[in-house]
Amino acid sequence: MFWTMIRLSLRNIAAHRVKSAIVGLILVFGTALILLGSSLLGSLHASMSESIVGSMAGHLQISSSEGKDELVLYPSPMDGTDIGEITDFPKVRAALEALPEVEAVVPMGIDLAFVFGGNLVDVKLAELREAHKRGDATRQTALRDHVKRIVKLLSKELVNLEKIADVENTDAESRQGLIDVRAAAKDAFWVDFEDHFDERMDFLENKVALMAIGEDIIGLRYMGTDPERFAKRFSRFEIVDGEPIPQGQRGFLFA
């Protein structure tokens, strides 16, 4: 019976050679297409998974339930950073790493910083120091008066800002900055300026100039972590220039 069916099949193929060839080619092409597509899809999935998991995300993210903002792995400048804080992290890590499914737990935290470019106060203060160093009294007097006018205008602008902004709820550093600008805007600050040049210049450079926003403002999203543990567990991490942050010290690595 079996051999009879084989002979009948071969006879039908021989009788319809063109049709059989076309059907055979379609089946071969379809099978090859399915195999190639599945292989490419699998490779793409593995590559994307490794790119995300191995670069920063990990397989699972755990955050505090007390966070006001939603945890976003790749946040935009508009996304908040208040995702809560796990206060007793060593205890949480020990409990999680005791699970057979967990290989390692890496601490992470995200925040947003703003980097301000140089402003007019910085520029003029640098010129004033240079004039003082050269002993150019005429240039020094002109620059001193210019900086004085800038500081007074800055003080007025900050007073106007206080009228529309809730300054009392800002951080202590910003509130102290407003006090420092007001102090530098008073005439008494400039009366004996030459007698206390270095002291007054340090105050202007380190306190007052910080309150003058420059033209360039760069928003910088950064992630805090344990660099040594992170480098060991995330395969996509690689330092291409510079050197690792020394163990036990703080530092920045820029992508």
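# Exercises on the aromatic pairs and the nonpolar core

The structure holds nine aromatic pairs; rings of Phe, Tyr and Trp (its six-membered ring) pair if their centres lie within 6.5 Å, with planes under 30 degrees apart counted as stacked, over 60 as edge-to-face and the rest as tilted. The model is predicted, so local features need pLDDT of at least 70 and side-chain atom pairs count only at pLDDT 80 or more, while totals for chains, interfaces and linings use all residues. Residues are numbered from 1 along each chain as its sequence is written, and side-chain values use heavy atoms, with hydrogens and water left out.

**Exercise 1.** Classify the ring pair formed by Phe189 and Phe203, and state where each residue lies.

*Solution.* Step one takes the geometry: the ring centres are 5.7 Å apart and the planes make 45 degrees, and the pair is tilted. Step three considers accessibility, where buried means under 20% relative accessible area, exposed over 50% and partly exposed in between (1.4 Å probe, protein chains only). Phe189 is buried at 10%, whereas Phe203 is partly exposed at 24%.

**Exercise 2.** Classify the pair of Phe193 and Phe197, and identify the cluster to which these residues belong.

*Solution.* The ring centres of Phe193 and Phe197 lie 5.8 Å apart with planes at 85 degrees, so this pair is edge-to-face. Both residues are buried. Ring pairs join Phe193 and Phe197 with Phe189, Trp190 and Phe203 in a cluster.

**Exercise 3.** Determine which residues of H8 are buried and how they are arranged about its axis.

*Solution.* The buried residues in H8 are Phe197, Arg200, Met201, Leu204 and Val208. Seen down the axis, they fall within an arc of 100 degrees, so they line one face of the helix. The arc is taken from the directions from the helix axis to the C-beta atoms.

**Exercise 4.** Describe the largest nonpolar core and the place of Leu204 in the fold.

*Solution.* A nonpolar core is a set of buried Ala, Val, Leu, Ile, Met, Phe, Trp, Tyr and Cys residues joined through side-chain atoms within 4.5 Å. The largest one has 24 residues, of which Leu125, Val151, Trp190, Phe193, Leu204 and Val208 touch the most other members. Helices H4 (120–134), H5 (137–164), H6 (172–185), H7 (188–191) and H8 (197–208) each supply at least two residues of this core. H5 gives the largest share, six residues.

Leu204, in helix H8, is buried with a relative accessible area of 1%. Leaving aside neighbours within four places in sequence, the contacts of Leu204 (heavy atoms within 4.5 Å) include Leu125, Val147, Val151 and Trp190. The C-alpha atoms of Leu204 and Asp122 are separated by 8.9 Å, although the two residues are 82 apart along the chain.

How values were computed:
Helix = DSSP H or I, 4+ residues; strand = E, 2+ residues; numbered from the N terminus.
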